[in-house]
Each structure stands twice: as structure tokens, then as C-alpha cells.
Amino acid sequence: MNDALIPELCNVNGRLEDTPDVFTLDLVPPPGYRGFAPGQFNMLYVPGAGEAAISISGDPEDSYRLVHTIRAVGDVTSQLRTRDGHSQVGVRGPFGKPWPIDAARGGDLIIVAGGIGMAPMRPVLYAALADRASYDNIYLLYGARTPRDILFQEQLMEWHRQGAITAIITVDAARPSWKGDVGAVTGFIGRIPVNPRNTVAMICGPEIMMRYAASELLVKGIPMDRIHVSMERNMKCATAFCGHCQLGPYFVCRDGPVFRYSDVAAMMEVKQF
Amino acid sequence: MKDIADELSEHPFFEGLAPETLSLIAGCGVNAVYKPEELLAREGSSADELFVIRKGRVALLMHSTERGALQVDTRDAGDVVGLSFLVPPYRWPVEARAVQTVHVIRMDGKCLRDKCNADTALGYELMQRVATALMGHLNARSIQLLDLYGQLEL
């Protein structure tokens with residue numbers, strides 16, 4: 001995309017309702033599209049409603065589709081939910097520092113996701129699975145509210161069945177008919193075998209969950225600088241001018257959203273940040 | 001063939017206990033198998049058993065008039081169910097039910113308590129393990145209670 005501050009209009013291929021409050025918007029990339037790296041985000045613009053920072057959730061190798069998975073929580077995202085194959089959405093991006101997938105090559109990769117935090121993790125899985133032989137074990141620990149809130153469930157379980165990843169998908173609560181795991185996702189970290197000297201961990205979800213997850217990974221012996229988290233702040237300009245997303249010395253839009261845990265751990269524990 | 005003490009020695013909850021200690025508490029245990037949907041313990045009933053899960057999955061459920069039965073946790077091989085056996089008033093706070101066929105060592109809670117009372121070093125050791133497990137469950141439950149991923153509607 002050309003100018004970082006001017007949205008380009010993209011046609012909508014289609015919209016998929018993933019869960020009761022989450023949907024996936026499939027866009028036609030704009031002319032000159034140069035792809036994205038897993039973990040990056042776009043600013044999606046709806047005329048008359050505004051912009052919102054949205055993680056890209058599709059396959060980084062797919063140059064024909066630009067996919068975003070969105071939770072409808074405010075005006076912009078609710079408006080985005082009304083878009084279908086006959087409409088357009090403004091796009092700026094991609095922005096931000098991606099997940100350090102290359103750092104995990106040759107070792108184990110642990111992905112911990114909670115809720116909508118699964119969306120920016122799917123591109124990591126696409127990328128790692130496209131080069132599966134370069135990684136040892138790939139673990140996905142994913143927590144959702146209830147069984148019906150699980151994102152990409154069929155796809156994740158298919159990858160698990162194929163043996164490409166080891167997926168533990170857990171929910172906070174369920175009806176008795178649910179046969180899967182129930183409990184906080186952080187409680188499952190202790191169950192996976194970890195080679196602390198040869199593992200990279202990536203965590204995305206609510207900040208409290210990320211703190212607890214990081215704490216469990218530290219107990220497992222993974223060094224703080226091999227644990228990475230994706231921070232969420234109020235992104236406006238996405239180009240490190242406006243300061244809305246400032247986190248201590250960082251602008252989350254430019255220096256993040258992915259950070260080494262060692263760089264942001266202290267700020268995650270302080271109320272004013 | 002492995003005896004109960006051997007099986008306990010391979011279970012994470014009892015990891016590191018001295019062989020003589022394992023032999024002592026093994027006398028309180030028997031192997032048992034529960035079929036899918038079979039009840040291991042009823043909510044509010046006397047907590048007289050500790051289930052040491054060797055294989056399979058156990059669901060922990062709570063019942064409410066408004067919302068019916070809810071699964072609030074699951075336990076798998078390597079976990080234990082029934083920590084209330086060591087914590088007065090020795091009552092089950094949840095229902096425990098087999099999700100799949102479950103193989104357990106069923107430990108007699110009163111037998112374990114009697115041995116803990118007679119040997120306070122053993123009592124302290126087991127209490128530390130119970131407290132560690134409870135702390136883990138408490139942290140996990142706190143995260144669930146926060147409903148971090150949004151409004152909880154089943």
C-alpha cells in the first residue's frame with residue numbers, strides 16, 4: 001500500500017460469522033499489495049464510523065485474500081460486521097512488528113492464545129506449517145469462553161489430527177455434553193514438555209492472561225527474552241505520531257504490538273501503563 | 001506387575017516421595033475404573049476419597065437452579081481429584097464425573113488422614129502438595145472468574 005495515512009478501498013470478498021460476537025472479513029487486497037508478516041495489523045476504515053486496528057488473521061502466503069478476524073465491540077467493528085460482498089472497506093497497513101517466527105526455527109514453538117487473541121496467532125501457524133520441517137514441536141494452547149466461542153476450531157483440530165501441531169483447546173465453562181478440556185488456559189502450560197533452552201513462546205490475549213501465562217513459562221525455565229507478547233493499546237494513527245498507543249518508552253503501533261516479555265513485563269504489572 | 005506403590009511413584013502428585021512413604025500410603029489405595037458418565041463423587045457429599053488419575057478425563061461440575069449443570073474444570077492423567085479429603089469439613093465442593101473411561105487409584109481419604117495424623121512429617125508433605133495444587137486451581141479459577149474473553153453466556 002502506498003501512503004501510510006491514506007486508506008485504500010478494498011472490495012469485500014465475503015464475511016464469515018465465526019462465533020456469536022466474532023466474524024471474519026475477507027478482503028481483496030489493494031493494487032500493489034506486498035503482503036504482511038504474522039502479528040501485524042491493519043487499520044480498517046468505515047466511512048462515517050471511523051477506523052479500528054485489526055489483526056490480520058489469514059495466510060501470509062495468500063496474495064489474493066486479506067483476512068481479518070474481528071470482535072464486534074464498538075461502532076467501527078459493528079459497522080464492519082455489516083459489510084458483505086457488495087461493499088468496500090478502507091485499509092491502511094500493514095503496521096507493527098511481527099512475531100519472531102524465525103527465532104523459533106530449529107526448536108520448539110509454544111503458542112498461547114486467549115479469546116480473540118487466536119486471530120493474530122493463526123498466521124503464525126500458517127507460516128510455521130508452510131515450513132514445518134524447520135521446527136520441532138509446535139504447541140498451541142488456546143482458551144475460549146465457551147465451546148461456541150472457539151475460533152477456527154475445525155481447522156485447528158484438523159492440524160492437530162494431522163500431527164502438525166499439538167493443540168490443547170480449553171474453555172472457561174461448558175455444558176456437560178462438552179468432552180474437551182475445561183479450565184484456564186494458563187493451567188495447561190504445566191502439562192506440556194518444554195525444552196527451555198530451545199523454545200520460543202508467543203502469547204496473545206488479555207493482559208492478565210498473558211502475565212499468568214508468562215509466569216508459568218518462566219517456571220518452566222524459558223528465558224524472559226524468548227517469551228513474546230502482543231500488546232493491545234488504543235491505536236489511532238498507527239504511525240507513531242499521535243501517541244495514543246504509548247506504553248512507557250514505546251509506541252505499540254510501531255515498536256509492537258509484539259514485544260519481548262523482558263521489555264514490557266514491568267509495565268504490564270503497573271496500573272498506570 | 002506393578003503394585004499400587006509403583007503406580008503412585010510414577011504419578012506427578014506423589015513424585016519424589018521416599019519408597020517407604022509410598023509403601024505406607026499405598027495401603028490406602030486400590031485400582032478402580034469408571035465408565036463414561038459414571039459418577040465419582042456427588043457435590044456436597046463426604047470427601048472420603050482421593051482419585052489419582054492414571055488414564056482418562058474427569059469433569060468437575062457445579063449445579064445451579066438458574067443455569068443447570070456447568071463444567072467448571074476437567075482433570076486428566078497426571079492430575080488428582082478430591083483434595084478436600086485433607087481439608088475440613090471434608091466435603092466435595094463439586095461433582096466429579098467420568099468423561100471417558102477413567103483409570104484411577106482410589107485412595108481412602110480417612111485412611112490417608114489417619115496416617116498423616118500418626119506421622120506428621122508425612123502429613124506436612126502431603127499438605128504441601130495439596131496446597132500447591134490448590135494454589136494452581138485457585139489461580140486458574142480466578143482467571144476464569146474474570147471472564148477475560150467477554151460476557152459469559154452459555
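How many residues does the contact take from chain B and from chain A? In this predicted model, chain B gives 20 residues to the contact and chain A gives 24 residues. On the side of chain B that touches chain A, the elements giving two or more residues are strand E4 (58-64), strand E5 (68-75) and helix H4 (120-146) of chain B. By class, that side of chain B has 13 nonpolar, 6 polar and 1 charged residues. For the complex, the predictor gives an ipTM of 0.81 and a pTM of 0.89. Chain B has an average pLDDT of 92, and 97% of the residues score at least 70.

Chain B also holds an open sheet of 4 strands, in the order E1-E8-E3-E6, with antiparallel pairing. Strand E1 (29-34) and strand E6 (80-81) of chain B stand at the edges; each has a single partner strand, so one side of each has no neighbour in the sheet. The partner of E1(B) is strand E8 (residues 102-108) of chain B, and the two pair in the antiparallel sense over 6 bridges. Within this pairing, B:Asn31 has B:Ile105 in E8(B) as its bridge partner. In general, strands of a sheet pair through backbone hydrogen bonds, in either a parallel or an antiparallel manner.

Turning to chain A, the domain assignment gives domain 1 (8-95) and domain 2 (101-230). The centres of these two domains of chain A, taken over C-alpha atoms, are separated by 24 Å. Where they meet, 15 residues of domain 1 of chain A are in contact with 14 residues of domain 2 of chain A. On the domain 1 side, strand E1 (8-19) and strand E5 (66-71) of chain A each supply at least two residues. The residues of that side of domain 1 divide into 5 nonpolar, 6 polar and 4 charged.

Notes: Residues are numbered from 1 along each chain as its sequence is written. Chains are lettered from A and ligands numbered from 1 in the order in which they are written. This is a predicted model: local features need pLDDT of at least 70, side-chain atom pairs count only at pLDDT 80 or more; totals for chains, interfaces and linings use all residues. Two residues are in contact if their C-beta atoms, placed from the backbone, lie within 7 Å. Ala, Val, Leu, Ile, Met, Phe, Trp, Tyr, Cys and Pro count as nonpolar, Asp, Glu, Lys and Arg as charged, and the others, Gly among them, as polar. pLDDT is the predictor's confidence in each residue, from 0 to 100. Two strands pair if DSSP finds at least two bridges between them. Domain bounds come from an automatic or database domain assignment.
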